Amino acid sequence: MQEEINVIEKNKTWELVDRPNDKDVIGVKWIYKTKLNQDGSVERNKARLVAKGYSQIPGVDFHETFAPVARHETIRGLISIAAQKGWYLHQLDVKSAFLNGVLKEDVFVDQPQGFVIEGEEQKVYKLKKALYGLKQAPRAWYGEIDSYFSERGFQRSQNEPALYTKIEGKSDILIVSLYVDDLVITGNCVRLITEFKSDMKKKYEMSDLGLLHYFLGIGIIQSDEGIFITQEKYAKALLERFKMIGCNPVATPLVVNEKFQKEDGSGEADATLYRSLVGSLLYLTATRPDIMFATSLLSRFMHKPTRIHYGAAKRILRYIQGTIKFGIMYERNVEPKLFGFCDSDWGGSVDDLKSTSGYTFTLGTGVFSWASNKQKSVALSTAEAEYVSASTATSQAVWLRRIIEDFGEKQKEATPLLCDNKSAIAMSKNPVYHSRAKHIALKYHYIRDAVEENQVDIVYCNTEDQVADIFTKALARERFVYLRGLLGVKQQSIKGEC
C-alpha cells in the first residue's frame, strides 16, 4: 500500500485541497492482487488504490470514456509480418499506466483509509491525473500516450488507432502496437528499437520484458524457423475450470450433419454455466480458428441453452483436450502477399433458415484473420449466400490491405479472394445480373466497386480447396484435418517456452 502511495505522489497524481461545497467527492478503496502458493496459502503481492467510479455522474465527473485498443487480427498480422521478415518482437509494460493520464474534469476523492494526513482530516485530494477505477481513466491514458508518440515522430494509423509507425531514412521502420499499457514493438532496425525503449523509460515507469513471450493470454514462441502462437496455458486452465482435464479426446469439435435449434426437447441447461463456457471458448479462438465455427454456432443459443447445446460445448472441450498443444505457425522467409478465402452454406440455421458466412486471410503462411457469422437475411439461392459472404470478406480485405500498408508492405496488385461459386463471381463482376440481384441489400454490392478499383479480385477455386469451408459447417474428420492444416493450425514443433 505504501509503495502504491509513493508511486501516486511521485507521479504528482493529486494535490490536497479543501473539500469543495458544490462538488461530489468520490470514495476510494484498496484492492489486492493475490498469489496462490503451492501449499495452498494465499499471498497478497500487490495493493492498488482504486476510485469508486460507479459513483461518478455523467457530464459532471466524466464525459468521454472510450479508448481504442489493437484488434486481435492486427496483432496477429504484425506477428505474421515479423515472422516472414525475420524481425523479432519485443514487449514493454507501463507501470501504473492510468496514473499518467491528464484529467480534463475536476475530480475530487477522499483520502485513502490508513493514509489520512493528521490535522488535515477534512481535506480531500483533487486529481490532476487519472486514478484506477475512474471511468475516463483509459481515455485519459490513451490521450497521453498518443500525444507522446506524435511528439516522437510516430505516425498513427488511420485504420487502427492503436497502431503507430516511425520511418527513418529510406527503409528503417519501427512499429508499435498498443493494448492499454502493453506495447508490442518490432521493426527492421535494432537501433530504433533500442532508442525507443530508452526514451520510454525516461518518460514513464516501464518494465522492459525483452522478447515477446506472453501477450493477452497468448503464448508467443520466436525462433529462427518462425513464430508460433498458442493458448495452451489458457486451454489447460479452461479444462480444469470445467472439470474436463484428462477427458477422452475426439477428432472433431462437432458431429457431422448435427443440427441445433432453440427448442429441441432435451430440457434446459444451466444458462450461467453455458454462457461462461461458450464465452471462454470464444476467447480461445484468438489462436484456434479450427473451433471458430463450432463456438460461434453455439453462441447463438446463449439466451436459453438446452442440454444438447451444453453437451456440444463439452465436446469442443474434448476436442481441445486432444489438441491442447496446437496453435498457429508463421514461417520465416515467405514473401508477404495477402489473399483470402470466402464461403457460405445455404440455409443452415434450422430456426430461421439463414446462411452462415465464413472467410479467412493469410499473408502466405498461417492465417491471421478469420470469421464465421450468420447472415442478416435469408438467402434465396446458394449464389446469393455466396455473394453476401464474398461482400463481407471484401470489406475485410480492403481494411487489411490498409493495415498491411501501415506495416510497410503495400499490396501493389489486387488481393485474390477465392470463391467456389461461379454465379456469385459473375454477379460481383457483371451488374447485368439484375433479376438475380435486385432484392439484395445495396451494401453488399460494395464488392463491385472494390473489383473495379482493383483492390480485390474474385477468383474461382474448387470446393475441395476451399479453406473457408471449415467456418461454415461441421465436417468429417478427414476433410476437417486437411483444412485445419491449410489454416496453419498445427502442433508446436519449434523449441521454446511461452
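Q: Let's start with Tyr 148 and Phe 149: buried or exposed?
A: Both Tyr 148 and Phe 149 are buried. Buried means under 20% relative accessible area, exposed means over 50%, and partly exposed is in between, using a 1.4 Å probe and protein chains only. Before we go on: this is a predicted model, where local features need pLDDT of at least 70, side-chain atom pairs count only at pLDDT 80 or more, and totals for chains, interfaces and linings use all residues. Residues are numbered from 1 along each chain as its sequence is written, and side-chain values use heavy atoms, with hydrogens and water left out.

Q: What kind of aromatic pair do Tyr 148 and Phe 149 form?
A: A tilted one, 6.1 Å centre to centre with 50 degrees between the planes. Rings of Phe, Tyr and Trp (its six-membered ring) pair if their centres lie within 6.5 Å; planes under 30 degrees apart count as stacked, over 60 as edge-to-face and the rest as tilted.

Q: Which aromatic cluster are Tyr 148 and Phe 149 in?
A: Tyr 148 and Phe 149 form one aromatic cluster together with Trp 141, Phe 154, Tyr 164, Phe 196 and Tyr 204.

Q: And how many aromatic pairs does the structure hold?
A: There are 15 aromatic pairs. One of the pairs is Tyr 319 with Phe 480: the ring centres are 5.7 Å apart and the planes sit at 80 degrees, so this pair is edge-to-face.

Q: Why does the pair of Tyr 319 and Phe 480 tie together parts that are apart in sequence?
A: Because Tyr 319 lies in helix 8 (residues 307-322) and Phe 480 in helix 13 (residues 477-487), the pair ties together parts that are 161 residues apart in sequence. Helices (H or I, at least four residues) and strands (E, at least two) are DSSP runs, numbered from the N terminus. Tyr 319 is buried at a relative accessible area of 0%, and Phe 480 is buried at 4%.

Q: Nice. Which charged end sits over the ring of Tyr 88?
A: That of Arg 332, 5.0 Å from the ring centre. A charge sits over a ring if NZ of Lys or CZ of Arg is within 6 Å of the ring centre and within 35 degrees of the ring normal. Lys 422 also has its charged end over a ring, that of Tyr 460, 5.0 Å from the centre.

Q: Changing topic: at what angle do helix 5 and helix 6 pack?
A: At about 170 degrees, with the axes of helix 5 (residues 232-241) and helix 6 (residues 271-284) 11 Å apart. That makes helix 5 roughly antiparallel to helix 6. Axes are lines fitted to C-alpha atoms, for helices over the stretch in contact, and angles run from 0 to 180 degrees between N-to-C directions. Angles under 35 degrees count as roughly parallel, over 145 as roughly antiparallel, 65 to 115 as roughly perpendicular and the rest as oblique.

Q: Which residues of helix 5 and helix 6 meet?
A: From helix 5, Tyr 234, Ala 235, Leu 238 and Arg 241 meet Ser 276, Ser 280, Leu 281, Tyr 283 and Leu 284 of helix 6. Contact means heavy atoms within 4.5 Å. The residues of this contact divide into six nonpolar, two polar and one charged.

Q: Where does Asn 257 lie?
A: Asn 257 lies in the loop between helix 5 and helix 6. Asn 257 is exposed, with a relative accessible area of 69%, and has a positive phi of about 65 degrees although it is not a glycine. Most residues other than glycine have a negative phi. Asn 454 has a positive phi too, about 60 degrees; this residue lies in the loop between helix 12 (446-452) and strand 21 (456-460) and is partly exposed at 48%.

Q: Last topic: what does Val 109 touch?
A: Not counting residues up to four places away in sequence, Val 109 touches Trp 14, Val 25, Ile 26, Val 28, Val 124, Tyr 125 and Leu 127. Val 109 lies in strand 6 (residues 108-109) and counts as buried at 0% relative accessibility.

Methods: Nonpolar A, V, L, I, M, F, W, Y, C, P; charged D, E, K, R; others polar.
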